[in-house]
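Work through the following exercises with the sequence and the model open. Each task is followed by a solution in steps.

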Amino acid sequence: MGSMPDRNPHIVALGAPIYAGDDYLAQFSQEFDYTVLSASNRAETISKLPQLISQKGPIDGFIIRMGTPPYEPFDGELLVALKLSCKIIASASAGYNEFDVDWMSKQGIIFCNSVDAVAEATADMAFFLMLAVLRNTSNAEKSVKAGKWRSGAGLVPARDPAGMTLGIVGMGAIGKYLAKKAAAFNLKIKYYNRHQLPAADEAKYGATYCSSLHELLSSSDIISLNCPLNDKTTNLISTSEFAAMKDGAFLINTARGAVIDEAAFKQALESGKLKRAGLDVLCNEPNVDPWFFGRDDVVLQPHLGGLTDVAFMKAERECFENMRAYFQTGKANSPVNSDRLGKL
């Protein structure tokens, strides 16, 4: 970390944070020179960032809140004005496939995501979808609203989660919250992860490690995808993975649409290999494949997993706390690219 200027670090938020709380922001403003860049889309950001710097001086830290689609992608073209002075960029989102982290690393800029903010809310969504597919609630609601009471197909008997095995793919913050909640429903927990958790964590979450993805898929009744989207996880669940699953398995996805190969997914639903799927995410959002809209065996949500009031507050505050930690201690709380800085 280079020597800090004698002034307070200049921290800029892209758009006004509306969830962090006025008292919280007032306190932060006493410690830092804090500015809001009022830009609501990509073009405005590209034109206004250099203007702000010429008016108020170099930017040391940059905060990107929830609601990123109007600005995407976060690449060199958008952020070029930060190149000379910015030391840290913090995003309120957990996933960062829309961010050019390599570009940031080349400029020596630390990039932070939010680690815990949306985790519990997303786990709640996964749990809601799990109960919805087990109890077939979407079709039940259609049936009663059509004046047919419970005559819809497959409503009786529904499935009971107790005693079923839940396989969690990706045992990070979201997967752990999911495991914790699943215990209350007497589900057995298995997980597959890049690294096995310490024994103490496995005991805490009642989770059994599977050393391969196929081992997990073949032994789980319900599979929940809770991994990040990257080169290794794109199309992670494809033809051979569906073949490895139990017949009549249930699949929940609150990660990213592209973790599943959609062509293979359609075949698995059409063949009945999958009994039902619960999805908060799909490929090409929001212009998703309308094929899924006509399926009675798919419960859909419009990517609402982390979009709750508490999650928004936590996410914005995590951004500010990353700034505070970095400028006070030299170490950010949740850096993504510290191992890559200056190496590209």
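**Exercise 1: A charged pair across the domains**

Task: Find the salt bridge formed by the side chains of arginine 256 and glutamate 98, and state its N to O distance.

Solution. Arginine 256 and glutamate 98 pair through their side chains at 4.0 Å, N to O. A salt bridge here is a side-chain nitrogen of Lys or Arg within 4 Å of a carboxyl oxygen of Asp or Glu. Before going on, note that this is a predicted model, in which local features need pLDDT of at least 70, side-chain atom pairs count only at pLDDT 80 or more, and totals for chains, interfaces and linings use all residues. Residues are numbered from 1 along each chain as its sequence is written, and side-chain values use heavy atoms, with hydrogens and water left out.

Between domain 1 and domain 2 the count is one salt bridge.

**Exercise 2: The interface**

Task: Describe how domain 1 and domain 2 meet, using contacts and buried area.

Solution. Step two: seven residues of domain 1 contact seven residues of domain 2, where contact means heavy atoms within 4.5 Å.

Step three: about 460 Å² is buried between the domains, 40% of it on carbon and sulfur atoms. Buried area is the accessible area (1.4 Å probe) that two parts lose on being put together, summed over both. On the domain 1 side, Asn97, Val115 and Asp116 lose the most area, together 65% of what that side buries.

**Exercise 3: A salt bridge between helix and strand**

Task: Which elements hold lysine 56 and aspartate 33, and how many residues apart are they?

Solution. The total by the salt-bridge rule is 18. In one of them, the side chains of lysine 56 and aspartate 33 meet at 3.7 Å, N to O. Lysine 56 lies in helix α2 (residues 42–56) and aspartate 33 in strand β2 (residues 33–37), so the pair, 23 residues apart, links distant parts of the chain. Helices (H or I, at least four residues) and strands (E, at least two) are DSSP runs, numbered from the N terminus.

**Exercise 4: An annotated span**

Task: What are the helix and strand percentages of residues 128–305?

Solution. The unreviewed UniProt entry lists this span as "domain: D-isomer specific 2-hydroxyacid dehydrogenase NAD-binding"; such annotations may be inferred rather than shown by experiment. The span is 32% helix and 17% strand, and its end C-alpha atoms lie 10 Å apart.
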